[in-house]
Amino acid sequence: MRFTIIFSLFLPLCSLGQVKELLSPDRTIRVSISISDSIAYKVSVDGQQVLDYSVVDMIVEGSSLGQKAKLKKTQYREGRDTILSPVPEKRTRIPDRYNELSLIFTNGFSLQFRAYDDGVAYRFQLQKKDSVHIQSEQANYQFPDNHLVYYPRVVKREGLDIFHTSFEEPYQIKAIDSISKEDLAFSPVLVKPAKGPKLLLTESDLEDYPGMFISRGTGLSLKGEFAPFPVEEKMTEGEFPQYVVTKRADYIAYTTGSRTFPWRVMVIARHDKELPGNDLVYRLASPSRIGDASWVIPGQGTDEWIIGINLFNVPFKAGINTATYKFYIDFAKRFGFERIMMDAGWSDYKDLFKIHPDIDMEEISRYAREKGVKLSMWTLALTLEKQLEPALDQFNRWGVDFIMTDFMDRDDQSMVGFYHRMAKACARHKIMIMFHGAFKPAGFNRTYPHAVTREGVLGSEYNIWSDKATPDHNLLLPFIRMVSGPMDYEPGILDNATRETFRPIGSKVMAPGTRAHQMAMFVVYESPIQIFSGNPSAGLLEPAFMELLGSIPTTWDETVILDAALGEYIITARRKGNDWFIAGMTNWNARDLVLDLGFLGSREYDITVCMDGVNADRYASDYILKQYRDYKLEKLTLHLAPGGGFVFRFKNP
């Protein structure tokens, strides 16, 4: 139900400047907007100022919108709604409560500000007749003190400009005045004051416009940065060719003159545990454009790329061949996975119709249908776009209901348009899609619910060649990256290592942290399609472990973050139907966590628990798997090994 109140106020123009106020529905967050020679806003929370006056502006066709702008009228609106999510990453019913103030100016633009109980957002809106060039946008964040900032710093690629990145970097943690002005970060970025609420900076509803990077501004400020529009591109050589920009324009976007622009979002969290459960970015995005979404069927799947198809105890030569994929189908069927991924190599990267000679796609497709397992296919982005409609037709014939496309590595206006084109085409063919080499979702998953997940995260594949995907890193992701949308981390590696024993070894991939830590990611990390990246040959040796893992849902009716501390630990409870899954993870520090189960009520459950074994601090693959029938727990203390974790399944008997 939507309850909306609209007021329209015509205001006298005043050369002395004006200040407009907007309060959150619970009246604890205040936004003050100053209109004088420029437009700026500040934010206070519970009476504490968290953002000083910060200028916002947009340069359109060479002219500033904000300088000396004259206010024509304001409109006030109260939104009281509930969003029903067709693909619920956190919860089925999403309360959407906000107060909105629209400032309408005489020179054909307006600014919309929204105050929620858990954040603030604003966006520009143009009312121009013709298409326009956007030279730049000012998105400034002026802080009252020298706060700590958690930011993923872009590493410049040789021969390319700084705006080329796969959006996969570890987090730097520095005070604002220690951040180099040469550094560029992709959002979201988290700001941590010494006292008071944490502030996460990101965006939502990104369309026909470049994504927002963040750099240091003047003084104690951060500012938005936007990739200029690409005017010349070239295709790279190498194993995975892609288009890179060789020349950029002196504007960031050329777009229709009558439109809204992306929301600039500040998520506000008084307590750490409020961040992983926040869905403000989703609420701000445009509603679904695909109509009936009943054909969008998420679930778990397998992938063979991370382990290099290094199977064992099989009677065939493992590799990119028919026998291997039939083995994966059998594995998926046994443990309740909905689909398998056929990753890079099933076809020529540059031609989706040039199938690997050792693959019989008709036989694989037939066998998958017989077993009731769906197929998923990897594609190279430039090849998918080139062969789009015939390729999607072929995927439909094979029974493919989910594809990955990879190696975009940009978020300028042109590349953002690619995402929308692919999503629209896949919707026509009723195929789900995931983007790798991709920027964060920014609400795309609400607008296109079949775009079920996205990479834009430093995940399991980095264990092949680096030591970056550590438990310390893993315990930052739910508080930063995940706040902007689902992420394809691809957990489930079954060869586990302590800090001392970890080594990056391709085709014999191990993961730092315990086995229970890997299991916990399937509950803690949000992704409507979860990809199991471990070795199925090893999984077959531990069927009870795999049966529990395969039983974990990927969409949820309800989510409660029971306890959490940024970068240290998290305990997440999620409900599907009448069953609850509760999981916890810790960083490299061993710790005891108290699990209070009072919220489950007096009902008795069949309980399955996977937790760190007594020797997990030395042998990280050590775990305990227990089952209890018709049992009730109220409160217990769990010991987590360094890089440890746990999963409880409470099944309604």
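Just after helix 3, Gly 372 takes a positive phi of about 70 degrees; helices (H or I, at least four residues) and strands (E, at least two) are DSSP runs, numbered from the N terminus. This is a predicted model, in which local features need pLDDT of at least 70 and side-chain atom pairs count only at pLDDT 80 or more, while totals for chains, interfaces and linings use all residues. Residues are numbered from 1 along each chain as its sequence is written, and side-chain values use heavy atoms, with hydrogens and water left out.

## Buried and exposed faces

Helix 3 spans residues 361–371, and its residues Met 361, Ile 364, Ser 365, Tyr 367 and Ala 368 are buried, that is, under 20% relative accessible area, with exposed meaning over 50% and partly exposed in between (1.4 Å probe, protein chains only). Seen down the axis of helix 3, these buried residues fall within an arc of 165 degrees, so they line one face of the helix; the arc is that of the directions from the helix axis to the C-beta atoms. The exposed residues Glu 362 and Glu 370 are carried on the face turned away from the buried side.

## Packing against helix 2

Between the two helices, Thr 322, Tyr 325, Lys 326, Ile 329, Asp 330 and Lys 333 in helix 2 meet Glu 363, Ile 364, Tyr 367, Ala 368 and Lys 371 in helix 3, where contact means heavy atoms within 4.5 Å. The buried residues of helix 3 pack against several elements, including helix 2 (322–335), strand 28 (374–380) and helix 5 (388–398).
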